[in-house]
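Please read the following points with the sequence and the model open beside you. They are meant for someone meeting this structure for the first time.

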Amino acid sequence: MDYTVTHRTTYSYTSDVSVSHHLVHLRPRELPWQEVTEYALSVEPDAIVADERLDCYGNTATFFTISKPHRKLPVIARSRVRVNAAPLPIPSQTPPWERVRELCAQDVLTPDTAAGEFSFDSHYILRHPAFADYAVASFPPGRPVLDAVIEFTAQIFRDFKFDPRATTVATPLAEVLKNRRGVCQDFAHLGIACLRSLGLPARYVSGYLETLPPTGKVRLVGADASHAWFSVWCPNHGWIDADPTNNVLPGERHITVAWGRDYEDVSPVRGVAVGGGEHSLSVGIDVVRAA
Amino acid sequence: MTPATEPNLAPRPSGVGADYRPPREVFDEMMAGPGVVRSHWEPLVRGIEQLGHEGLRERRENAGQLLREHGVTYNVHADGQSAERRWELDMLPLIIDADEWTQLAAGLAQRTRLLNLVLADIYGPQRLLHDGLLPPALLHANPGFLRPCHGLRPPRDLFLTLHAVDLTRAPDGRWWVLADRTQAPSGVGYALENRAILSRMLPWEFRDSQVQRLASFFDARKGGLRSMAPWTDAPQVVLMTPGPYAETYFEHAYLARHLGVPLVEGSDLTVRDRRVFLKTLEGLQPVDVIIRRVDDTWCDPLELRGDSLLGVPGLVEAARAGHVAISNALGSGAVETPALLAFLPKLARHFLGEELRIPNAATWWCGQESERNYALGALQKLVIKRSFVGGNSETSFGESLAASDLDQLAARIRANPHAYVAQERIALSTAPVWNGEGLEPRPLILRCYVCATADGFFAMPGGLTRVSASPDSPIVSSRYGGGSKDTWVRSAAPVVAATPFEISSPPVRHERGHGQVPSRVVENLFWLGRYAERLEDTTRLLRPALARLAGEGGPAEEEELAVLIRWMVRLGWLRARFGGRISSDEVISAIRELVFEASRAGAVRELLGRVGFLTASVRDRLSGDTWRILNQLQTDFPAAMSRATPAAMLGALHRLIFQLAAFSGMEMENMTRGHAWQFLDIGRRLERAVNVVTNVRAVLAIDPAGFAGLPPLLEYTDSTMTYRRRYRASPDWPTSLGLLLSDETNPRSLAFQFQVLDQHLAELPDIGEARSRQRHFDELVALLASADIQTLGAAVENDLHPLDNLLRRLIAGCAALSESLSASYFSHVPARVS
């Protein structure tokens, strides 16, 4: 499926910003099942340095500085992406989840232990027995890992209510677990916290989702938001994505931008400004299916 | 020639050390056996036996005095001044034999070289993981391994340019490594300060012991820092501190001065075009090398911890671009984990083809299965540490835990095995500590330092020896109240040195032009000037009131006291009801609050606190004597006294005035006339200008006739004598106003402050609103000069308005000047993440 994605972030300040530094993760990743045919980042006023590099997870990170006084800063990323469904193993034939845990905890470097990087604590996600207790219903002994993950994804979808007013980036996961409300980022973080608390490697994926228009209506441009889900390691296969907000294993409607241990590693747009007084941030994302 | 060749002189402790009985089961640094002093300790033992108890006591007092005067402190909880702990220095050094040191120094340098190679690998190709020499989880579980720094190569691949190693000596006499400090090691400055003091306290013993000087290390360090920036011959080096609340802030300021580099906070630096600059009065100055005392995760809110207010946004990117070198490189904390000790012997063979010259304490990382199983089976004889910084970093000694505590510990290890390290328990060696009565053996840990030089690594011939707080405590840490010792490394040959002792305070730094002063520093100096003056002003106004309350005020004291009280009401110091009839007890207790209440804005105690904080934050800019005066100001002022009599308060305030006079004298006579001094003086002059006008205005409003108001007003401005000598009459408004406002020869008059301010303003850098500020100030000066003070003063009894109006305009003009200076020169806006 082909998409054009426009991700527009606008900073507004009440007084002049004298200098600001930004780090963005906006370029969709090249993947065996995802091809980026066009990508352009535009910033106003002109950025001084735009240094593009791959970070340690292979995401494209772009660093730039604005040193002209400004009160408004639009950052616009446009891309064209072709997405196919990622191949999936047969769930019942994946290894038991305890075996995955074991393979990822060995002392020598293997693809499994490399994935083990994602089984430890990170900035937003601290393991805790309470998360394991919540997840254990989907992880009975010996169950194939993908079977368990599919059920676990449904479990979150069933138990939690999507509520943008319930949380902020700073809401602790323990609170999300208690209140059973949040947004996609909370559900992704929560899923990862549970999987890691069971000893499984799980990572955070940021990207976009095409929302299907309701039948008979034109799709609403700009209504789509930045999306997030999690990914779990399956030996002999690789990472398998799961989207607890929609209770699906992502196929050709999920566009992958970046992955990391949690949101902190891959926040789409991050900036430090000197001056500026009060600030506000507006984000608009269009994911349009190419004709 | 070593003293050991003169056995007939070998002393036997008879007096001071006669009762020294180190435990037999551990190694004692001084005694080889009962009554047998190790030969390298002989000159010291001989010396202290001659000094005797009295001599040692006297020297300890002197040392304590010096430590207080130098303000050597350690902020224990790092949450404010109350938690400052005095640094404890024992009168006896730890002494290390020359031959033994040669071995140790080689082992230390080997270790730094090795850790540096490990860092270059883990932040580079990670061959160690591929080759099975390090388990992947050691990096993955390690929060000190900073992902954004992967692939970042510092200049010359030097990660560790200062490395600290904690050593202990086992009962068999061998030294063992307990831990490494690779993040931003502390203690070098304390070691130097210990040396500076002890070498003065025991000069003969120091000389006879042929002690190697620490100066060689600091020279090597300076050379090493210069060589970190190969792109320039004259690199600008700065020392970055988290600020005055940091645990070891004393040391940051001390080292900055010793190395001759600016002490900066993160907000003093800015990144432009991937280069780091220091914000100074005269614009941005490029920075090549940063000695950081800020932990690396806090160094850049953009790429590292977003909640950090201590760092420099863009610093990681500047380092990545190769435009700045950082000591130690960002990410160096990764090898601080004690878990690494388990792998170092193998890594030494791998990288260097050598065995570790100084062995590690045997270590088991619980992140590995069989090691964990061993540790869990032997908990009661092991020491359990946290693998990584953060969280609860408490160390547990298995043998001192109850069975239930051991079970809980085991459960915690099973739940999060990677977070724990088990280490064999090494019985620490002991050294004698002088406890005031005699010598007692205390367990010790020796912290050694290695720095990178232009072509290798150099170990400091000395170190920071820390002893436990009591003879039987196994915990040795400044945080838990242990003491410290100087560490004397003996030389095989006589030491040739210019001075008989170690010099620690270089002369105040010579500033290369004015541009080197960070904006934050001039801002703090400006406020130091203002608050010191406000403190003096407050004290000067409280004194006449207290003198009258104490019955020292002369015949008119009742009436004058009433004026003084109404005056303080007008300034907002006392509540309005004090304007009416009120008992003197109530007045005394209100004034007590104005003196001692630390939480009350404008009280003497509160202003002292502000002066103290500002002093600390510009410490590297003040001469040693100036620092001592300001420090004494804090310590001498009595703590809250709930029953202090007016006479007692008066005494305390008199002393305070003397000390403030000493400070301003020191400032006038000992500070070089750069921008730093200018801003200090501008602050003082502006504050004095505002205060004199404000107080004249207050008294005018209360007592236009002037009979009861003028004597205290003249007293407050210290002008009573001048007035009497000049006019030989009882004071009246026209002459008093002339003296206080327009007399340019009176250093407390408004005109005098304007004159000095005018000179300063002309010399400030021409940035910001310099021109319009000068114009406004000229208008202010003209306003005062053109006013007919005599006539206005003569008219006050009939019409106060014209004069009051003039005074109001003068005050407003001063306030505008202060704001304009802030806007042009300080503009110290913090950066924020969003």
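**Notes on chain B**

1. An open sheet in chain B holds 4 strands in the order S9-S8-S13-S14, with parallel pairing. Helices (H or I, at least four residues) and strands (E, at least two) are DSSP runs numbered from the N terminus, and two strands count as paired if DSSP finds at least two bridges between them. At the edges stand strand S9 (263–265) and strand S14 (325–327) of chain B, each of which pairs on one side only, and the twist from one strand to the next averages 35°.

2. The model is predicted, so local features need pLDDT of at least 70 and side-chain atom pairs count only at pLDDT 80 or more, while totals for chains, interfaces and linings use all residues. Residues are numbered from 1 along each chain as its sequence is written, with chains lettered from A and ligands numbered from 1 in the order in which they are written.

3. Within the parallel sheet, strand S8 (residues 237–241) of chain B is joined to strand S13 (residues 289–292) of chain B by 4 bridges, and Val237(B) stands opposite Val289(B) in S13(B). Helix H8 (residues 249–259) of chain B lies across S8 and S9 of chain B and runs at about 170° to S8(B); here axes are lines fitted to C-alpha atoms, for helices over the stretch in contact, and angles run from 0 to 180 degrees between N-to-C directions.

4. A second open sheet of 4 strands in chain B has the order S15-S18-S16-S17, with antiparallel pairing, and its edge strands are S15 and strand S17 (396–397) of chain B. Helix H11 (residues 369–377) of chain B packs on this sheet, touching S15, S16 and S18 of chain B, and its direction makes about 120° with that of S15(B).

5. Strand S18 (residues 420–424) of chain B is mostly covered, since 4 of its 5 residues are buried, where buried describes a residue with 20 or more other C-beta atoms, placed from the backbone, within 10 Å of its own. Strand S15 (residues 363–365) of chain B is joined to S18(B) by 3 bridges, with Thr363(B) partnering Gln423(B) and Trp365(B) partnering Val421(B). Strand S16 (residues 382–386) of chain B is joined to S18(B) by 5 bridges, and Ile384(B) stands opposite Ala422(B).

6. Helix H1 (residues 42–70) of chain B and helix H5 (residues 188–201) of chain B pack at an angle of about 145°, with their axes 10 Å apart. Among the residues that make the contact are Arg59(B) and Leu66(B) of H1(B) and Glu193(B) and Ile197(B) of H5(B), two residues being in contact if their C-beta atoms, placed from the backbone, lie within 7 Å.

7. Where chain B meets chain A, 27 residues of chain B are in contact with 26 residues of chain A. Helix H3 (127–130), helix H4 (136–140), strand S10 (269–272) and strand S25 (831–833) of chain B each supply at least two residues of the side of chain B that touches chain A.

8. Taken as a whole, chain B has 26 helices and 25 strands. Its radius of gyration is 31 Å, close to the 28 Å that the globule rule gives for 834 residues, so chain B is as compact as a globular protein of that length; the radius is taken over C-alpha atoms, and the rule is 2.2 Å times the number of residues to the power 0.38. Buried residues make up 50% of the 834 residues in chain B.

How values were computed: A residue is buried if 20 or more other C-beta atoms lie within 10 Å of its own, exposed if 12 or fewer, and partly exposed in between; C-beta atoms are placed from the backbone.
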